[in-house]
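User: I am new to this structure and would like to be walked through it. Could we begin with whatever stands out?

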Amino acid sequence: ETGEVTATGLPSSNVLYYDLTDDAWVCVRPSGTEPKVKFYYGIKGTSLDDADKKSADLGDAVIAMINAML
């Protein structure tokens, strides 16, 4: 949102990594062997049920974003 660029502590690679609210994150990278883009995301929950709900919500948001680009 702010455009601030910070180091992730990860090795240098061809990825976009976004820190989100609630300790969630999304990482986007091209496949090294196939003509496709890969999306990864992580969340933290206060319980397994909370984590499952947050994961489903973020997964739906990522899919909606991808569908909007198609």
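This is a predicted model: local features need pLDDT of at least 70, side-chain atom pairs count only at pLDDT 80 or more; totals for chains, interfaces and linings use all residues.

User: In which sense do β2 and β3 run, and how many bridges join them?

Analyst: They run antiparallel, and six bridges join strand β2, residues 25-30, to β3.

User: Which residues face each other there?

Analyst: Val 26 has Tyr 41 as its bridge partner in β3. Cys 27 stands opposite Tyr 40, again in β3.

User: What holds paired strands together in general?

Analyst: Strands of a sheet pair through backbone hydrogen bonds, and the pairing is either parallel or antiparallel.

User: And how does β1 pair with β2?

Analyst: Those two pair in the antiparallel sense, over four bridges. One example is Leu 16, which stands opposite Val 28 in β2. β1 and β2 also form a hairpin, with five residues between them.

User: What is the overall order of the sheet?

Analyst: The sheet is open and has three strands in the order β1-β2-β3, with antiparallel pairing. β1 (16-19) and β3 (37-42) stand at the edges with a single partner strand each, so one side of each is left without a neighbour in the sheet. From one strand to the next, the twist averages 10°.

User: Where does the helix sit?

Analyst: Helix α1, residues 48-69, lies across β2 and β3. The helix runs at about 155° to β3.

User: How many helices and strands does the chain have, and in what order do they come?

Analyst: The protein chain has one helix and three strands. Starting at the N terminus, the elements run β-β-β-α.

User: What about Asp 23?

Analyst: Asp 23 is a residue other than glycine with a positive phi, near 60°. Its place is also the loop between β1 and β2.

User: Are Asp 22 and Asp 23 buried or exposed, and why?

Analyst: Asp 22 has a relative accessible area of 55%, so it is exposed. Asp 23 counts as exposed because its relative accessibility is 55%. The cut-off for exposed is over 50%.

User: Where does Leu 16 lie, and what does it touch?

Analyst: Leu 16 lies in strand β1. Leaving aside residues up to four places away in sequence, Leu 16 touches Val 26, Cys 27 and Val 28. At 47% relative accessibility, Leu 16 counts as partly exposed.

User: How far is Leu 16 from Asp 49?

Analyst: They are 28 Å apart in space, C-alpha to C-alpha, and 33 residues apart in sequence.

User: Now the start of the chain. Where is Gly 3?

Analyst: Gly 3 is in the segment before β1. With a relative accessible area of 62%, Gly 3 is exposed. The C-alpha atoms of Gly 3 and Ile 43 are separated by 21 Å, and the two residues are 40 apart along the chain.

User: Changing topic: how much space lies in the largest pocket, and which residues are closest to its centre?

Analyst: The largest pocket holds about 420 Å³ of space. Of the 12 residues that line the pocket, the closest to its centre are Glu 4, Thr 6, Tyr 17, Tyr 18 and Asp 19.

User: What kinds of residues make up that lining?

Analyst: The lining of the largest pocket divides into five nonpolar, four polar and three charged residues.

User: Lastly, what can be said of the chain as a whole?

Analyst: Its C-alpha atoms fill a box of roughly 35 × 30 × 25 Å, taken along the principal axes. Of the 70 residues in the protein chain, 14% are buried. Among contacts between residues at least 6 apart in sequence, 13% join residues at least 24 apart.

Methods. Residues are numbered from 1 along each chain as its sequence is written. Side-chain values use heavy atoms; hydrogens and water are left out. Two strands pair if DSSP finds at least two bridges between them. Axes are lines fitted to C-alpha atoms, for helices over the stretch in contact, and angles run from 0 to 180 degrees between N-to-C directions. Contact means heavy atoms within 4.5 Å. On a 1 Å grid over the protein atoms alone, a cavity is a set of points where a 1.4 Å probe fits but cannot get out, and a pocket is an open set with protein on both sides within 12 Å along at least five of seven lines; lining residues have an atom within 4 Å of a point. Grid points are joined across faces, edges and corners, and a volume is the space filled by probe spheres set on the points. Ala, Val, Leu, Ile, Met, Phe, Trp, Tyr, Cys and Pro count as nonpolar, Asp, Glu, Lys and Arg as charged, and the others, Gly among them, as polar. Buried means under 20% relative accessible area, exposed over 50%, partly exposed in between (1.4 Å probe, protein chains only).
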